[in-house]
Amino acid sequence: MTAERHLDRLRPAAARLARFTGRTLRGEWHAIVVDPVRQLARRGLSGLLLAFVAAFGVIFFHDIAQRPTGAMWVTRLGGVKADLPLWLSLLRTPVSLYVPALDLPVWAGITQLFLAFALAELTLGRSRTLAIAYATTLAGTLVARLMIAIGPGWSGLGLPAACGQVLDTGPSAAVVGLFTYLSVVRRAPVVFTLTGGSMVWESIAVPNLAGREHLIAVGSAVVLGLLHGRRARLRALGRSLLPTRTPGPSPTAPTAPTAPTAPTAPTAPTAPTAPTASPALPVTASATVPAPASPHPTSGRAPMTSLER
């Protein structure tokens with residue numbers, strides 16, 4: 001009875017886990033496979049431009065590097081080392097994406113390179129794909145220089161100075177960064193486990209410069225993926241952190257002195273105007289008074305003027 005009760009309690013949990021796993025795998029299948037295939041059917045081969053350029057670029061530089069003169073020019077154009085000046089490393093980093101790595105087979109990595117750039121271009125677009133590939137590669141290169149500058153120690157964080165002379169080329173950091181970014185943005189835990197987990201195992205099994213850079217590429221891609229779609233929030237946060245300026249009194253410009261006015265000529269005196277008659281009051285019937293009789297004119301009185309009349 002006890003075992004049957006335990007089984008009855010575990011069955012709902014197992015059913016929920018199975019449903020969750022099925023939904024996750026189905027969503028990941030649509031996000032990583034179905035949606036890019038639909039984009040490819042809509043856009044055609046133009047949607048794989050970056051993938052073809054990356055694959056043919058690696059093949060081209062690999063073929064040139066088989067000759068001594070070609071190897072010299074490949075190193076001058078895309079050879080990145082930690083002991084080089086920083087400006088020269090930054091100048092060579094874009095070309096170093098197409099230069100094959102020394103310890104990795106070229107033809108085995110072409111498939112991963114083509115698949116990473118194809119999925120990223122169909123899902124993210126060309127500009128964002130290039131930005132993520134370059135950002136993860138540059139992050140690995142710069143942090144590796146910092147580790148070498150720190151030196152051995154620091155709980156295994158630093159690297160010996162001899163790593164500064166190792167040729168640091170290849171698209172592996174960009175490939176890992178693109179797969180990791182896609183897995184974070186598209187919610188694909190299986191792809192994330194295959195990419196990030198394999199890089200962790202590689203860094204533990206073979207603790208070299210490439211393994212460290214791959215881990216750095218995975219970490220930077222995770223951060224960029226978590227920040228995806230939060231541009232408005234980041235702008236609002238940046239504006240809130242900036243100090244606000246209180247508007248002070250604006251300085252007023254000095255006014256120009258006014259020119260003196262010319263004296264006005266005296267005006268001629270005007271004739272007095274006749275007084276205006278006051279408005280007549282309304283006359284009512286009750287207020288009428290009979291006018292007194294006019295006296296007889298006398299001979300010695302002056303004649304009446306127009307105003308007296």
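Leu25 lies in helix H1, which covers residues 2-43. In this predicted model, Leu25 has a relative accessibility of 45% and therefore counts as partly exposed. Together with Val190 and Leu194, Leu25 makes a nonpolar surface patch of about 280 Å².

Helix H1 also holds Leu40. Its relative accessible area is 30%, so Leu40 is partly exposed, the class between under 20% and over 50%. Between Leu40 and Leu119 there are 79 residues of sequence separation, while their C-alpha atoms are 9.6 Å apart in space.

| Residue | Relative accessible area | Class |
|---|---|---|
| Leu25 | 45% | partly exposed |
| Leu40 | 30% | partly exposed |

Helix H2 comprises 16 residues (49-64), which at 1.5 Å a residue should span 22 Å; the end C-alpha atoms are 22 Å apart, in agreement with that expectation. The buried residues in H2 are Leu50, Ala51, Ala54, Ala55, Gly57, Val58 and Phe61. Viewed down the axis of H2, these buried residues fall within an arc of 155°, so they line one face of the helix.

The largest nonpolar core consists of 29 residues, and Leu113, Phe117, Leu178, Phe179 and Tyr181 have the most contacts inside it. Two or more residues of this core are given by each of H2, helix H5 (106-124), helix H6 (126-150) and helix H7 (172-185). H5 supplies the largest share, 9 residues.

Note on methods:
Residues numbered from 1 in each chain as written. Predicted model: local features only at pLDDT ≥ 70, side-chain atom pairs only at ≥ 80, totals over all residues. Heavy atoms only, no water. Patch = residues over 30% accessible without salt bridge, like charges linked within 9 Å, V, L, I, M, F, W, Y side chains within 5 Å. Areas by Shrake-Rupley, 256 points an atom, 1.4 Å probe, with all protein chains shown as cover. Salt bridge = Lys/Arg side-chain N within 4 Å of Asp/Glu carboxyl O. Helix = DSSP H or I, 4+ residues; strand = E, 2+ residues; numbered from the N terminus. Buried < 20%, exposed > 50% of the residue type's maximum accessible area, 1.4 Å probe, protein only. Expected span 1.5 Å × (residues − 1). Arc of directions from axis to C-beta. Core = buried A, V, L, I, M, F, W, Y, C linked by side-chain atoms within 4.5 Å.
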